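Work through the exercises below with the sequence and the model at hand. Each task is followed by a solution in steps.

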Amino acid sequence: MYVRRRGSLLEWFWNVVQHGERRIIRVLVLASVILLLMQLSAVRDPLDFYMTVAAEVEAPAMELPALAKPELGESVKTWQITLKATPAAPIRVVQNGTVIATLTKGEQQIGVKSGQIQLDGIGIAQTVKVQVIRKDAQLLEPRQNQTFILQGNIQNLIVKP
C-alpha cells in the first residue's frame with residue numbers, strides 16, 4: 001500500500017512563493033527587453049533623444065530673439081503697443097536692460113523691438129492690472145487685450161511679429 005506523505009502548510013506556501021518569484025523575474029526581464037527594443041526602434045540618435053528629454057525636464061526653452069544682432073545694412077524694426085495700468089502705478093517697462101517707459105499716468109504708447117519685455121512692479125504694494133489695449137496689426141504676440149497681473153513682481157511679455 002502506498003501512503004502519501006502530506007507536507008506541512010508552510011512547505012506548500014514556500015513552494016508557491018518560489019514559483020511565483022520565478023514567474024515575476026521572467027516577466028520583468030521580458031518587459032525590460034521589450035522596452036529596450038522600443039527605445040532603439042523609436043530613436044535613431046540616442047544622444048538627441050536624451051538631450052530632448054533632459055531639456056523638457058529641466059525647463060521649457062527660452063526665446064531670446066532680442067539677442068540676435070542685425071546684419072549690416074539691416075535695421076531693427078520697432079513696433080507700437082499701448083499698455084494701460086489699472087490703477088495707474090509706476091510700473092517700469094524694461095527691454096534689453098533699458099527702461100523704455102513707465103506707466104505712471106496709466107496709459108502709455110511704447111515703441112518696442114521683437115523679443116522680451118519685462119513689466120517691473122517690484123516695490124509696488126498694490127495689485128496692478130496691465131492690459132495691452134492697442135498693438136500693431138503685424139504682431140502675433142502680445143495678444144490684443146492680453147492682461148498681466150502684477151503683485152509686487154515682474155511679468156514677462158513676448159513681442160513677436
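Contact here means heavy atoms within 4.5 Å. The model is predicted.

**Exercise 1.** Find what Ile91 touches, leaving out residues up to four places away in sequence.

Solution. Step 1: apply the contact cut-off of 4.5 Å between heavy atoms. Step 2: list the partners of Ile91, which are Ala101, Thr102, Leu103, Leu119, Asp120, Gly121, Ile124, Val128, Val130 and Leu150.

**Exercise 2.** Describe how strands β2 and β3 pair.

Solution. Step 1: β2 (residues 92-95) and β3 (residues 98-102) run antiparallel, paired over 4 bridges. Step 2: Val93 lies opposite Ala101 in β3. Step 3: the hairpin has 2 residues between the strands, and Asn96 has a positive phi near 55°.

**Exercise 3.** Decide for Leu9 and for Gln146: buried or exposed?

Solution. Step 1: buried means under 20% relative accessible area, and exposed means over 50%. Step 2: Leu9, in helix α1 (residues 9-42), has 66%, so Leu9 is exposed. Leu9 also belongs to a nonpolar surface patch with Trp12, Phe13, Trp14, Val16 and Val17, with about 680 Å² of accessible area together. Step 3: Gln146, in the loop between β6 (128-135) and β7 (147-150), has 14%, so Gln146 is buried. Step 4: beyond four places in sequence, Gln146 contacts Val130, Gln131, Val132 and Glu141.

Conventions
Residues are numbered from 1 along each chain as its sequence is written. This is a predicted model: local features need pLDDT of at least 70, side-chain atom pairs count only at pLDDT 80 or more; totals for chains, interfaces and linings use all residues. Side-chain values use heavy atoms; hydrogens and water are left out. Patches are made of residues with over 30% relative accessible area and no salt bridge: like charges are joined within 9 Å, nonpolar side chains (Val, Leu, Ile, Met, Phe, Trp, Tyr) within 5 Å. Accessible areas come from the Shrake-Rupley method with a 1.4 Å probe; for residues, only the protein chains shown count as cover. A salt bridge is a side-chain nitrogen of Lys or Arg within 4 Å of a carboxyl oxygen of Asp or Glu. Buried means under 20% relative accessible area, exposed over 50%, partly exposed in between (1.4 Å probe, protein chains only). Two strands pair if DSSP finds at least two bridges between them.
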